[in-house]
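Let's take a friendly walk through this model together. Keep the viewer open as you read.

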Amino acid sequence: MRVVLFTIGNYEVHSYGVIVALAVLLALGMAHYLAKGTIYREHIFNIVPYVAVGAIVTARIWHVFFFQWGYYSQHVMEILYIWQGGIAIQGALVGGFLAIIYYTKKHRLSFWEFADILAPAIILGQSLGRIACFLNGDAYGSPTGSGFGLVYPPGSMAYDAYGSQPLWPAEIWEGQWDLIVFVLLILLKNRKWPTGVLFLAYNILYSFGRFNLEWLRGDSPRYMFDWTAGQWTSFGMIIVSVGMILYLVLRDRGKIHFSGAEKGN
């Protein structure tokens with residue numbers, strides 16, 4: 001765990017920013033590879049400015065208002081200090097997806113086809129991004145109540161909250177779950193599915209893991225049913241994605257049935 005990697009003069013290079021940048025590059029490289037032979041490959045790098053703006057803005061808003069409003073309400077100016085960490089991945093995903101919807105409509109592309117290509121790349125980037133949280137000491141777990149767990153150093157948010165108590169490695173386990181989801185999506189990609197199902201499967205798989213790991217988190221306020229904002233977001237994402245998959249599958253079956261009926265005539 002190392003919040004500041006090194007300094008250049010008076011400038012501190014934070015581990016969070018470096019790892020997030022590497023995660024974005026990894027995701028872009030994978031997306032570029034997965035888009036080989038499609039019309040979407042030339043758009044991979046073009047969407048970056050749109051996604052960057054949408055993701056950063058909503059990720060910060062999500063984190064500030066759903067996760068740490070108690071702190072930021074007393075330190076309003078620090079809302080702008082995004083380089084110190086404190087972005088919510090679920091907020092980033094919402095903003096990024098909205099940006100892609102805008103981009104695909106602007107360029108008359110299929111959002112669902114593009115999203116299917118991007119899904120494995122996104123979750124791969126997320127897996128590396130959780131290392132940034134670990135090094136920065138955020139997205140930390142709650143006390144384990146035993147000798148097992150991560151002990152964060154002074155200067156990290158986790159230490160400020162719990163001191164030298166061992167905490168559940170929630171962010172590490174989430175990064176590992178993201179890698180499992182990446183492998184599952186690559187395997188699913190080799191089968192024929194209705195357009196959009198792969199992207200929706202990503203939403204469901206990621207949200208399932210996130211929902212369960214949130215029970216171990218120690219940095220999030222609790223709401224109804226003792227659920228965190230991350231759990232409520234995950235639950236909503238699962239419900240919507242399952243509904244959309246049913247719609248897409250039934251729609252495709254309806255097209256096949258209608259086409260068969262026409263041929264019969």
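**Cavities and a helix**

The lining of the second largest cavity divides into four nonpolar, five polar and no charged residues. In this classification Ala, Val, Leu, Ile, Met, Phe, Trp, Tyr, Cys and Pro are nonpolar, Asp, Glu, Lys and Arg are charged, and the others, Gly among them, are polar. Those lining residues are Gln 90, Leu 93, Val 94, Asn 203, Tyr 206, Ser 207, Thr 233, Ser 234 and Met 237. Helix 4, helix 8 and helix 9 (229-264) are the elements that give two or more residues to it. Helices here are DSSP runs (H or I, at least four residues), numbered from the N terminus.

Before going further, please note that this is a predicted model, in which local features need pLDDT of at least 70, side-chain atom pairs count only at pLDDT 80 or more, and totals for chains, interfaces and linings use all residues. Residues are numbered from 1 along each chain as its sequence is written, and side-chain values use heavy atoms, leaving out hydrogens and water.

A cavity is a set of points on a 1 Å grid over the protein atoms alone where a 1.4 Å probe fits but cannot get out, and lining residues have an atom within 4 Å of a point. Grid points are joined across faces, edges and corners, and a volume is the space filled by probe spheres set on the points. The count comes to two cavities of 30 Å³ or more.

What lines the largest cavity? There are 17 residues, of which His 63, Ile 87, Ala 139, Arg 217 and Asp 219 lie nearest its centre. By class, nine are nonpolar, three polar and five charged. Helix 2 (48-67) and helix 5 each supply at least two of the lining residues.

Now turn to helix 7 (residues 170-189). Its buried residues (under 20% relative accessible area, with a 1.4 Å probe and protein chains only) are Ala 170, Glu 171, Glu 174, Gly 175, Asp 178, Val 181, Phe 182 and Leu 185. They cover an arc of only 130 degrees around the axis, taken from the directions from the helix axis to the C-beta atoms, which puts them on the same side of helix 7. These buried residues pack against helix 1 (15-34), helix 4 (89-106), helix 5 (111-136) and helix 8 (197-213).

Methods:
Buried means under 20% relative accessible area, exposed over 50%, partly exposed in between (1.4 Å probe, protein chains only). Contact means heavy atoms within 4.5 Å. On a 1 Å grid over the protein atoms alone, a cavity is a set of points where a 1.4 Å probe fits but cannot get out, and a pocket is an open set with protein on both sides within 12 Å along at least five of seven lines; lining residues have an atom within 4 Å of a point.
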